[in-house]
Amino acid sequence: MRHIFRTMVSAAVLAAIWIILPEKEVSNLTERASARNTPDLSPSPETTASIARATRFTFCGGAGMVNCVVDGDTFRLSGDKIRIADIDTPELHPARCPYEQALGEAAKQRLLELLNAGPFDLKPIDRDTDRYGRKLRVVMRDGKSLGDVLVREGLARTWEGRRRGWCD
């Protein structure tokens with residue numbers, strides 16, 4: 001029941017974004033999400049503990065959440081929940097303001113595109129999991145962090161060891 005309520009609230013918030021945000025801001029978010037370089041599709045030459053992956057991702061929701069994107073910095077791979085360790089993206093469940101919701105949706109969409117662009121490696125960090133049991137990994141392609149792509153595109157921040165708000 002809680003999941004259904006959250007889904008309904010998220011849908012209502014997303015609908016409100018298009019009504020509340022000035023058209024220029026929505027347009028800027030859409031342009032920023034669209035104006036991106038095509039990522040290099042070659043797998044990275046990572047060493048020990050990196051796992052090359054080539055799979056198809058969808059958005060998480062409902063049954064069968066095996067290879068799917070939860071939000072801009074979390075995804076499921078073979079059922080394991082992976083938290084991208086080098087970035088922080090806006091929250092979606094719940095977003096604290098319309099701007100956070102819009103930016104979070106754009107980050108989620110872009111992460112889906114990046115993961116589906118080709119093989120990538122998962123690079124472990126000093127801790128294996130976070131307090132929620134998600135595996136902490138840096139996602140790499142051709143020796144470059146996909147998290148850095150999201151940061152350069154304005155859809156994420158470099159992880160600073162704690163979350164900060166996205167609303168003014």
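Which residues form one aromatic cluster? Phe57, Phe75 and Phe120 do. This is a predicted model. It holds three aromatic pairs and 11 salt bridges. Two arginines also lie over tryptophan faces: Arg83 over Trp159 and Arg157 over Trp166.

**Aromatic cluster**

- Phe57 and Phe120 make a tilted pair, with 6.1 Å between centres and 40° between planes.
- Phe57 sits in the loop between α2 (23-34) and β1 (58-59), and Phe120 in the loop between α3 (98-116) and β6 (121-129), so this contact ties together parts 63 residues apart in sequence.
- Phe57 and Phe120 are both buried.
- Phe75 and Phe120 pair edge-to-face, at 6.2 Å centre to centre and 90° between the planes.
- That pair links distant parts of the chain, 45 residues apart: Phe75 belongs to strand β3 (residues 74-77), while Phe120 is in the loop between α3 and β6.
- Phe75 is buried, as is Phe120.

**Arginines over rings**

- Arg83 lies over the face of Trp159, 5.1 Å from the ring centre.
- Arg157 lies over the face of Trp166, 3.7 Å from the ring centre.

**Salt bridges**

- Side chains of opposite charge can pair when their charged atoms come close.
- Arg83 and Asp73 meet in a salt bridge at 3.6 Å, N to O.
- Arg83 is in strand β4 (residues 80-84) and Asp73 in the loop between β2 (68-71) and β3; the pair links distant parts of the chain, 10 residues apart.
- Both partners, Arg83 and Asp73, are buried.
- Glu153 and Arg110 also form a salt bridge, at 2.8 Å, N to O.
- Glu153 lies in the loop between α4 (146-152) and β9 (157-158) and Arg110 in helix α3, so the bridge ties together parts 43 residues apart in sequence.
- Glu153 and Arg110 are both buried.
- Asp130 bridges to Arg134, with the closest N and O atoms 2.6 Å apart.
- Asp130 has a relative accessible area of 12%, and Arg134 has 13% relative accessibility.
- Buried means under 20% relative accessible area, so Asp130 counts as buried and so does Arg134.

- Salt bridges with shared partners join Asp73, Arg83, Asp88, Glu91, Arg157 and Arg163 into one network.
- Arg83 is a member of that network and also lies over Trp159.
- Arg157 is another member, and lies over Trp166.

Key: Residues are numbered from 1 along each chain as its sequence is written. This is a predicted model: local features need pLDDT of at least 70, side-chain atom pairs count only at pLDDT 80 or more; totals for chains, interfaces and linings use all residues. Side-chain values use heavy atoms; hydrogens and water are left out. Rings of Phe, Tyr and Trp (its six-membered ring) pair if their centres lie within 6.5 Å; planes under 30 degrees apart count as stacked, over 60 as edge-to-face and the rest as tilted. Helices (H or I, at least four residues) and strands (E, at least two) are DSSP runs, numbered from the N terminus. Buried means under 20% relative accessible area, exposed over 50%, partly exposed in between (1.4 Å probe, protein chains only). A charge sits over a ring if NZ of Lys or CZ of Arg is within 6 Å of the ring centre and within 35 degrees of the ring normal. A salt bridge is a side-chain nitrogen of Lys or Arg within 4 Å of a carboxyl oxygen of Asp or Glu.
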